[in-house]
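Work through the exercises below with the sequence and the structure in view. Each task is followed by a stepwise solution.

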Amino acid sequence: MRAALVIAAIGVMTAGGAQAEAFKCPKVGGSFTFGQEANVNSLDQMTSNTISTRNIAMNMFEALTTRDENNNPILDLADRMAEAPDHLSYTFTLRPGVKFHNGKPLTSADVVASWDRYSKVGLDRQIFDAVAGWEAPDAMTFVVKMKTAQPTFIEKLSSFSIPVVIVPAEAKDDPPQQLRSIGTGPWQLAQSVPGSFVTLKRYDGYTPNTHFEQRTGFGGYKQACFDQVTFRIVTEGGARVAGLETGELNAVEDVPTKSVDRLKGNANVKLLPLNNWWIQIGVGNATQPPTDDVRVRQAIQAVLDMDEIMDAATDGNYKLNYGFAYPNQPDYVTTGKDTYNQKNADKAKKLLAEAGYKGQPVVLLTNKDYSSMYNAALVVQEQLKAIGINAELKVVDWPTSVQMSQKSDSGWNIFFSGWGTQPALGALATMAFLAPPGAQYRPKDDKDDPDVLAAWRDMSNLPTKDERKAAFGRMQQVILERAYVFPFGSLTKVQASRANVAGFVPFRIPRMSNVYFTN
Amino acid sequence: MGRLLLLRLAGAVPVLLLVSVVSFGLMRLIPGDPSAAIAGLSATPRMVAQIREQLGLDQPLLTQALHWYGGLLQGDLGRSILLGQSVFWSTMQRLPVTMALSAYALAITLVVGIGAGVLAALRQNTWVDQAAMMVAMLGISVPNFFLGLLFIIWFAVGLGWLPTGGYIAFTDSPWGWFQTSTMPAVSLALLNIGLLARITRSTMLEVLRQDYVRTARAKGLPRHLVVGKHALANAMIPITTVVGIIVSLLVSGSVVTETLFSIPGIGQLLTSAVLGRDYPMVQGGLLLVTALLVLVNLGVDMLYAVLDPRIRYER
């Protein structure tokens, strides 16, 4: 039913056609430079899960489906989609006139080859678990056959986390991380110097999606207004701000909070805050003593003062938010609210006494690569010490902390992290973290929590959206009440552009289409 | 000389072997592997296992080592996991950038460092001496990262004279290269200027007290000849030794400077490789940089003979 709703939504968008005049660049030309905070290694969007890759690659590549401005699934390279009445097949008809950056017309053979490659090397290829196969009955038709009906298949397929981008058939056997950079998007690769910059140039052969009038999310009616866009890697926040002030950079991501007040007084700069960038979070280890005892985890949960934690983590740029969805999202539920921000030391001490806590170390696993995670851990450590918990910091670098967090027996009790892309994609993507085989699924002694599993199955398989939302509510409640994780709040990320840049709307990934200089 | 050159080059082989063993071992000792960097936070255990298998990281350590050394014997440094390019090619793309930046910084260091040191020695215990040594001490003490940020604020944001970052190759535009390299080179040079100025000053003070300098003065030689030909020439041996060390410091110091100014050099490449656990890149890149530094040290040794005719590398 969920899929049916999606199809209905898509059907309205595709069948209706453009109602108003389509976007036209008010000014064409110019060279736009974007200050990017993280280095980009590979532009292989099928095998990279980093934001830095997405920042650039999502402007070059397109997929059959994507997400709109409100994160709803929409068609992109597909003109139409039909779901079989038994929900066991999806038939996509490709948008006519689409050409790759090498000039070759897009056909269903390219889609088959792209899906074949993704099924071999794509990082998120588990989305094909319920898929029996795919075929191309003619040059413009692509059919996906399912093993079993999966109401959330299109939602998963349209994810922009590691999307199934469509590349020319000849790229089918390109090794992981070495995908040739030929897509169908409005921007094509001009030059890439890893560690320094990536330059994209306007693809004049681009065919926009005329079912829309404007860009929406990663899809819609896209137009490249600049001659070229350069993503310059500027890892140091101060240097990014300096580049923006001098005008060398036309827009930047992640303005340091300390610089925000100064930039507010600069008439040449527009600040573009992006609320709910990620959920600042601590993941509890239910296998490692003493947090294997739910009462110890609940004691930790009871004492936490989220304002203090988030203020230190973000320099004041935050919103308190319990749970795993944001208030502006359709999935938002209020279950488990009582567990959040209790600041109740007496309750915490009582729970510790009941658990027979005798001062065993509680290891807080954090890193200094992300100052928000490190600062959050520092404050949590002090709050835990205040109720007699022997909290110890273990500071390593980010890749090490991720790897350690994936093993319950690697000597940690709370792993400090931030969830960004998944909460933006919706509850299904977020809760996948906490259900098998999710990255943060750490059931006590590797024995599944049946309540979590039951709620997760319902979230994935119940036919209606409302039923799945209710299941999400149940899952959130169980996760919070059993203190498997500790969501601290949501972090605001500030992007910024020069005042003469129009159309640059803050989004999870900077979109360079429909952006132009006003003078 | 030729024999010595061959001997020293042969002596470099165990050094390179040691570096390769240490880098291979250290990278495996650090927790975390490339699968974490590639798959990211949301990686499921299955995704991590798949990536490890693709990269051959599920193989025993000995097998991985044999694979690496087997390739090395055939002149193949492997392929960068994260960049998807050959390690040799990636390094060779970046090396000229770091070398050009280091050469620029070295030129500044030599001119200012030796100049300030000589001046301080000639004006010992005057305000000139104290000012030169105070600036030298500042250069040594202030982190070049902080200095670089100050330069950006003063010269890029404040005065608008230079760009805040980025890099233009000399071959593309000499003026562009000068503009993009000046702030990084100066911030990189300041630490070494301090070091060189202090060494030059102390060596010059010692030489200026020698009999032959007194004799040169007594026979009425002009001051510039006394200082340049008799004093400075004889002070060059210890200075040259320090310059050799400075070249190594410039290459290692480029890590911070390249990051701050967004310069695609070898320092930034290796830092990213270490953080991303790009084993082949770290191992191969370090090997090439070590080979380069071995050659620099060899060059310094050869220079001794040129500077001091008494030194002859003969049996």
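**Exercise 1: The domains of chain B**

Task: state which domains are assigned in chain B and how far apart their centres lie.

Solution. Step 1: in chain B, the assignment gives residues 2-73 as domain 1 and residues 89-277 as domain 2. Step 2: the C-alpha centres of domain 1 of chain B and domain 2 of chain B are 34 Å apart. Step 3: this is a predicted model, so the confidence belongs with the answer. The average pLDDT of chain B is 85, and 96% of its residues score at least 70. For the model, the scores are ipTM 0.76 and pTM 0.84.

**Exercise 2: Two helices of chain B**

Task: describe how helix H7 and helix H8 of chain B cross, and name the residues that make the contact.

Solution. Step 1: locate the helices; H7(B) covers residues 144-158 and H8(B) covers residues 174-208. Step 2: their axes come within 9 Å and cross at roughly 145 degrees. Step 3: the crossing of H7(B) past H8(B) is right-handed. Step 4: list the contact residues. H7(B) contributes B:Asn144, B:Leu147, B:Gly148, B:Phe151, B:Ile152 and B:Phe155. From H8(B) come B:Met183, B:Val186, B:Ser187, B:Leu188, B:Leu190 and B:Leu191. Step 5: sort the contact of H7(B) with H8(B) by class, which gives nine nonpolar residues, three polar ones and no charged ones.

**Exercise 3: The domains of chain A**

Task: find the domains of chain A and characterise the contact between them.

Solution. Step 1: domain 1 of chain A is made of two stretches, 3-234 and 499-517, while domain 2 of chain A spans 276-493. Step 2: taken over C-alpha atoms, the centres of these two domains are separated by 33 Å. Step 3: eight residues of domain 1 of chain A and 10 residues of domain 2 of chain A take part in the contact. Step 4: on the domain 1 side of chain A, the residues touching domain 2 are two nonpolar, four polar and two charged.

**Exercise 4: Chain A against chain B**

Task: how many residues does each chain bring to the contact, and which element supplies the largest share on the side of chain A?

Solution. Step 1: chain A brings 42 residues and chain B brings 42 residues. Step 2: on the side of chain A, strand S12 (228-233), helix H5 (237-246) and helix H11 (398-405) each supply at least two residues.

Technical notes:
Residues are numbered from 1 along each chain as its sequence is written. Chains are lettered from A and ligands numbered from 1 in the order in which they are written. This is a predicted model: local features need pLDDT of at least 70, side-chain atom pairs count only at pLDDT 80 or more; totals for chains, interfaces and linings use all residues. Two residues are in contact if their C-beta atoms, placed from the backbone, lie within 7 Å. Helices (H or I, at least four residues) and strands (E, at least two) are DSSP runs, numbered from the N terminus. Domain bounds come from an automatic or database domain assignment. Ala, Val, Leu, Ile, Met, Phe, Trp, Tyr, Cys and Pro count as nonpolar, Asp, Glu, Lys and Arg as charged, and the others, Gly among them, as polar. pLDDT is the predictor's confidence in each residue, from 0 to 100. Axes are lines fitted to C-alpha atoms, for helices over the stretch in contact, and angles run from 0 to 180 degrees between N-to-C directions. A crossing is left-handed if the near helix is turned anticlockwise from the far one by less than a right angle, and right-handed if clockwise.
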